[in-house]
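Biologist: Before I rely on any of these labels, I would like to hear how each one was reached. Please take them one at a time.

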Amino acid sequence: MHPHVVWVYRGDLTEKMDAATFLVPTQELRNSGWTVTLIVAGDPRQKKIRGVEVLHIPSPNIFLLRQIIFHLRLLRALYRQRDNIDILLFHEASSPWLFIFRILLGLVGKKDLLFVMDTRTLPMEPEDRSTWKDRFRGIFSIQMNNLGNLFFDGRTTITRRMAESLHVPPDKLWGVWPSGVDLDLFSSVAKERNFPDAGEPINIIYIGSMQFERNLLTLSKAVSQANADGHIFTLTIIGDGNARPEIEKYVEEFGKHVHIFPPVPHVEIPVWLAKAHIGALPFPDEEKFRVSSPIKLFEYLAAGLPILATRIVCHTDVINRDGISFWANSADQEGLYDALLQIKEHREDLAVMGNNAADLAKLWTWKASANKLKQALENGYRRSMNEKEKK
């Protein structure tokens, strides 16, 4: 009999672009016979998100206060069901609350519930642009990682490089499960795409966070430079973030070939990818990106898009074959401009490269990722039970 897993996510998944990270593995685990309760913030009257049953806990939309109220309500719900839960899976934001809950359970004599912290990202904001909230989140993340390494039963991470970066003890690492893609949602896009003929613009697309560290302003400048030199490109950026005002100002003054749009619902992303010819990932070679597993990479691949990417390990670990990507050897304007020249020189190969990309995406589905999470939970649970029996 499989253990009962309660998976806690303290945010609202209804509009979250990477909601599949939680929804698809939950459903896949259930399809395999597991009992999984996915607890998220939101309206309790809403029982499902994208067809997946969830348990909503209401919280006010007030900074800090919403976290306090959500977690107090969460702890009350967990305490009532404490005898029916085998594994608590959660993320850094919930760690201090669940550490308190663990102490409480110890006081009432229940010590067989296992606490497993999952880590999907590192703090992103550079120090020279960070606000006090950003700095607080960074310090909090470091302390919660230390808490997880010392006092929780297990850890899971998005990549093995992430586990190494966080110095997760080998005996605490239950497993690694990367990001993935919903092939059913994205794979049909490739059939709708018409790659440009000679003389037509090549449309490069980026969909996601528009934070400073994502390097989108530099990519915009490289596209403008390429057009000034007679190479016809357009750049479509869809999203929001703290770099948006600066990029919009640049576009207004210099970037007539760059087009910015607000975030779109996840189900609409394939429509935008169908209009594009290249998917862009211009991230710099920094630790927070090296250890990541970017969802957009897999969505671009599944949509049959050749990739323009910086040559960093989070990209090269996935794209490990030729005929799929155009590599920028650096994340500065010169490196990205050189990658654009590669695209121009090989524009007649774009359709074949798109087919290669779609083929690679079949190895990186959310179902495959969910299976890795399932293996991590199975192995970690079995190991923990064996250790408790020896004691």
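Biologist: Which residues form one aromatic cluster?

Modeller: Phe 90, Phe 99, Phe 101, Phe 115, Phe 151 and Phe 152 form it. This is a predicted model, where local features need pLDDT of at least 70 and side-chain atom pairs count only at pLDDT 80 or more, while totals for chains, interfaces and linings use all residues. Residues are numbered from 1 along each chain as its sequence is written, and side-chain values use heavy atoms, with hydrogens and water left out.

Biologist: How many aromatic pairs are there by the rule, and what makes two rings a pair?

Modeller: The count is 14 aromatic pairs. Rings of Phe, Tyr and Trp (its six-membered ring) pair if their centres lie within 6.5 Å; planes under 30 degrees apart are stacked, over 60 edge-to-face, and the rest tilted. Phe 90 and Phe 152 have 5.0 Å centre to centre and 80° between the planes, an edge-to-face pair.

Biologist: Why is that pair said to tie parts together?

Modeller: Phe 90 is in strand E6 (residues 87-90) and Phe 152 in the loop between helix H4 (132-151) and E8, so the pair ties together parts 62 residues apart in sequence. Helices (H or I, at least four residues) and strands (E, at least two) are DSSP runs, numbered from the N terminus.

Biologist: Why are Phe 90 and Phe 152 called buried?

Modeller: Buried means under 20% relative accessible area, exposed over 50%, and partly exposed in between (1.4 Å probe, protein chains only). Phe 90 has 0% and Phe 152 has 1%, so both count as buried.

Biologist: Why is the pair of Phe 261 and Trp 272 called tilted?

Modeller: The ring centres of Phe 261 and Trp 272 are 4.8 Å apart and the planes stand at 50°, so the pair is tilted. Phe 261 belongs to strand E12 (residues 258-261) and Trp 272 to helix H10 (residues 269-274), 11 residues apart. With 30% relative accessible area, Phe 261 is partly exposed; Trp 272, with 18%, is buried.

Biologist: What makes helix H12 (residues 295-302) largely enclosed?

Modeller: Eight of its eight residues are buried, so H12 is largely enclosed by the rest of the structure. Among them are Lys 296, Glu 299 and Ala 302. Just after H12, Gly 304 takes a positive phi of about 75°.

Biologist: Which residues is Leu 183 in contact with, leaving aside its neighbours within four places in sequence?

Modeller: Leu 183 is in contact (heavy atoms within 4.5 Å) with Ala 302, Ala 361, Lys 362 and Thr 365. Leu 183 is found in helix H6 (residues 183-186), and its relative accessible area of 24% makes it partly exposed.

Biologist: Why is Thr 156 counted as buried, and what joins its side chain to that of Asp 118?

Modeller: Thr 156, in strand E8 (residues 154-157), has 0% relative accessibility and so counts as buried. A polar contact of 2.6 Å joins the two side chains. Such a contact is a pair of N or O atoms within 3.5 Å; within protein, one must be able to donate a hydrogen and the other to accept it, and residues adjacent in sequence count only if both atoms are side-chain atoms. Leaving aside neighbours within four places in sequence, the contacts of Thr 156 include Leu 89, Trp 174 and Ala 376.
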